[in-house]
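Subject: Structure handover

Hello,

Here is the structure I promised to pass on to you. Please open it alongside this message, and my notes follow below.

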Amino acid sequence: MARAFRPAVGRMAERHSMPVVTVLYYALVAFVSVILIVNLLKSRKWERDALYVLVLLPFLLRLLRLK
Amino acid sequence: MTGRLLAQKIVIVGLGIALLATSGASFYSSRRLKEPVVLGPGVTAVKTLANYFEPLRGTANDCNIYFLDGKEPGATMLVLGGSHPEEPAGRLVTWILAENAVVQKGRLIVVLSTNRSATTSTRLGGAYPPDFSIDTAWGSRTFRMGDRWTNPLDQWPDPEVYFHYPSGQQLAYVDIRNVNRVWPGRMNGTLTEQTAYGFMELIRREKVDIEVDLHEAELQYPVISTIVTHQRGQDLATLVSMTLTDMEGFKIGTEFSPRTLHGLSHREVGDFSPALSLLFESPEPFLDATRGITSREQLLTGKDEFVVKAGQHGLLFERIDEKGWPIAVRVGRHTSALLQVAETWGEDHPGKRLVITEVPRYKDVIEKGVGYYLHDPAKAAGRVVYE
């Protein structure tokens, strides 16, 4: 005998819109990206420049919604 | 900023932009790779999941649903491929069904991309190939590699701990994006939960009698080469596994779905609908943690010396040798098991049979190859849809 299934209530249906928490996470990614770019501009050593660029890549890929 | 410092930054940032552009282009194109499906003679209608749950319309998981109505009434079987897209045998079986199967009695409902979003990304840090191809007599077909979980571009972030609905069972955080951990779904939940909810609606509205979820497993996982069944399907699954082992030359076992392990299709579909729920597992060395190179060749041949070595140390739950586990063997196991489920069901329900023809069995797939059953989209004008 199949059990009765009662849908949950109380959480907003997301549909096509982005949930608030996702928007906040994208904002965090943008914030960290800006910090990395500022540090990249301030840095005077090429090793640090390379490190900042490498760390920045996954943040930009997510911001651009590529990965 | 000195001239030398500026030049240094321009070079490094230029290299970074080149990396971003090349990797970004690869991710973009593999996410949008079109997978053609040549509608076979048995396909009578194609709907989408949003027909059963409107909020999914336009989302990544508004997948195609293929209906193959029989000439005579009978049982309805739902076959789910692509719950875990990085287990390609399951998806390829559903392609073979959509392009070849003819139903004489009853009805077949086939899904090629159960978690369509998960077909559009690969595992982070897993070095997966973005796609793989199956050779045919007329060329080749390329499929998205996919992953186990919904693409984070479609559902993000994950919680610290995932609480399954409605049981409240705690699961790994990432499994909130695993469609085979969120059954029976939630109407107002995440995209993955809504996807499972949409399928539950389909199962209830279309009065599905048998639901089959096609999977593959690493050889280090104990639930392998088997049919996992809800308790209401135990007789059917046991008879099927005995018949296949006796008649078709490959061993397949039966596992009973634990009553307190929630979120999986073999448990929740059986609990929350009248359908019998079964899940098939075939061996896929590509998924093993001890694998060597994670390549397209390894995916399709199942050959891996490191997994063989693990077997020599007694670390596996399935045998493996230098012949590996070719994709044709894995697909053939699933097609034979599906056909045997239909036959065995019919013996128990003579007034409500499911008779499927034009689908190859285990030996046919091994002899002719998977590509033999994939048809040329260029010669099927008006009969091609895309996944």
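What follows is a short tour, from the chains down to single residues.

This is a predicted model, in which local features need pLDDT of at least 70 and side-chain atom pairs count only at pLDDT 80 or more, while totals for chains, interfaces and linings use all residues. Residues are numbered from 1 along each chain as its sequence is written, and chains are lettered from A and ligands numbered from 1 in the order in which they are written.

Chain A has 2 helices and 0 strands, whereas chain B has 9 helices and 15 strands (DSSP runs numbered from the N terminus, with helices being H or I of at least four residues and strands E of at least two). Chain B has a radius of gyration of 21 Å, close to the 21 Å that the globule rule gives for 387 residues, so it is as compact as a globular protein of that length (the radius is taken over C-alpha atoms, and the rule is 2.2 Å times the number of residues to the power 0.38). Of the 67 residues of chain A, 10% count as buried; for the 387 residues of chain B the figure is 53% (buried means 20 or more other C-beta atoms within 10 Å of a residue's own, exposed 12 or fewer, and partly exposed in between, with C-beta atoms placed from the backbone).

One helix pair to look at is α2 (residues 88-100) and α8 (residues 327-348) of chain B, which pack at an angle of about 60° with their axes 9 Å apart (axes are lines fitted to C-alpha atoms, for helices over the stretch in contact, and angles run from 0 to 180 degrees between N-to-C directions).

Now for the backbone. Most residues other than glycine have a negative phi, and most peptide bonds are trans. A cis peptide bond joins Trp156(B) and Pro157(B), with omega about 5°, and Pro157(B) sits in the loop between β7 (139-144) and β8 (162-163) of chain B. The bond from Trp183(B) to Pro184(B) is also cis, with omega near 5°; Pro184(B) is in the loop between β9 (170-171) and α3 (191-205) of chain B.

Positive phi values occur at Ala127(B), near 60°, and at Ser225(B), near 50°. Ala127(B) lies in the loop between β5 (102-111) and β6 (131-136) of chain B and is exposed, with 9 other C-beta atoms within 10 Å. Ser225(B), in the loop between β10 (210-217) and β11 (226-229) of chain B, counts as buried, with 21 C-beta neighbours inside 10 Å.

Best wishes
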